[in-house]
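Dear colleague,

I am passing on to you the structure we spoke about, and below it you will find my notes on what turned up in it. Please read them with the model open beside you.

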Amino acid sequence: MTPDNHLAHDLDGTGPLLVAVHGITENRGSWDPVDLRRHFRVLRVDLRGHGDSPRIPPYGIDESVADIHGLLESLGEGQTPFVVGHSLGGVIATAYAARHPTRGVVNVDQSLRVDPLPAEVAATVRGEGFADFARTLFASLYGELDPALVADIERRHTLDRDVFTGFWTPLLDWDADALAAWSRRVTTLPPDVPYLSLHGTDPGADYADWLTDRIPTAVVEQAPTRTHYPHLARPDWFVSRVHRFFGLPDHLPAAEADAPR
């Protein structure tokens, strides 16, 4: 176990520093199929309330950004990181870049355009229907993902209502104006930070315009596989795309990297 205020983590690989941030209910092991270590020094973290990290409230985006930044300072790596995040991790990666020096961001399948949840949904999430709600939600996101990968994701899930609702507080408790102000703050990045928004599900026809209005450097792309987990569906493709987006050498021939499957 880590000290009370320290995220569980692992650090491996050579090259520029990259922080990998998992999605809600998951842990740093969710990145196991995605080998970014060939070109990066990869710091994988368990968010507060996840994996082996302390379960110390409050749980939220702001707290996670502070936790990651504190961990980086304590490690003394001395590098400005790239940050890659999936789902909730995509929001945290974006919020991190809005507050701290960052070399680039990859947001995997997380729209930043959000609305408050209806009151009846919020009541379900906070009530006895939480587990059924969460299972139904995740089942709707698998899409074209291989069943073996689905089974692995479900094996890794840890459903903790307090942790889940803590991270979902903006959707559960805030009104539309407060949520819009929060979204604007999270997406106010320095003008020179490269930003890739990589989607396996459809964020909406006008999402690219919405995002580039807020993050002018943003590139919005559709992944080859329709799923909330495109990095797991095609890990070699994903690693290749990250390398190329950040201007690093590609470890796959272009034809193989881009070929549909």
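On helix 5 (residues 147-156), the face turned away from the buried side carries the exposed residues P147, A148 and R155. Here buried means under 20% relative accessible area, exposed means over 50%, and partly exposed lies in between, with a 1.4 Å probe and protein chains only. Helices (H or I, at least four residues) and strands (E, at least two) are DSSP runs, numbered from the N terminus.

Before going further, please keep in mind that this is a predicted model, in which local features need pLDDT of at least 70 and side-chain atom pairs count only at pLDDT 80 or more, while totals for chains, interfaces and linings use all residues. Residues are numbered from 1 along each chain as its sequence is written, and side-chain values use heavy atoms, with hydrogens and water left out.

The buried residues of helix 5 are V150, I153 and R156. Seen down the axis of helix 5, these residues fall within an arc of 125°, so they line one face of the helix; the arc is that of the directions from the helix axis to the C-beta atoms. They pack against helix 10 (230-233), where contact means heavy atoms within 4.5 Å.

The model has an open sheet of 7 strands in the order 1-3-2-4-5-6-7, with mixed pairing; two strands pair if DSSP finds at least two bridges between them. Strand 1 (9-13) and strand 7 stand at the edges with a single partner strand each, so one side of each is left without a neighbour in the sheet. From one strand to the next, the twist averages 15°, where axes are lines fitted to C-alpha atoms, for helices over the stretch in contact, and angles run from 0 to 180 degrees between N-to-C directions.

Strand 1 and strand 3 (residues 41-45) run antiparallel and are joined by 5 bridges, and the bridge partner of D10 in strand 3 is R44. Helix 1 (residues 61-75) lies across strand 1, strand 2 (17-21) and strand 3, and runs at about 135° to strand 3.

Which way do the residues of strand 6 point? Y195, S197 and H199 point one way, L196 and L198 point the other way, and all are buried. In a regular strand the side chains alternate between the two faces of the sheet. Strand 6 (residues 195-199) pairs in the parallel sense with strand 5 (residues 104-108) over 4 bridges, and L196 is the bridge partner of V106. Strand 6 also pairs in the parallel sense with strand 7 (residues 218-222), over 5 bridges, with S197 standing opposite V220.

**Aromatic pairs**

How many aromatic pairs does the structure hold? There are 11, where rings of Phe, Tyr and Trp (its six-membered ring) pair if their centres lie within 6.5 Å, and planes under 30 degrees apart count as stacked, over 60 as edge-to-face and the rest as tilted. The rings of F40 and F82 have their centres 5.7 Å apart and their planes at 80°, so this pair is edge-to-face. The pair links distant parts of the chain, with F40 in the loop between strand 2 and strand 3 and F82 in strand 4, 42 residues apart. F40 counts as buried because its relative accessibility is 0%, and F82 counts as buried at 3%.

F133 and W168 form another edge-to-face pair, at 5.9 Å centre to centre and with 85° between the planes. F133 lies in helix 4 (residues 130-139) and W168 in the loop between helix 6 (161-167) and helix 7 (169-173), so the pair ties together parts that are 35 residues apart in sequence. If residues up to four places away in sequence are not counted, W168 touches I24, L117, F133 and L137.
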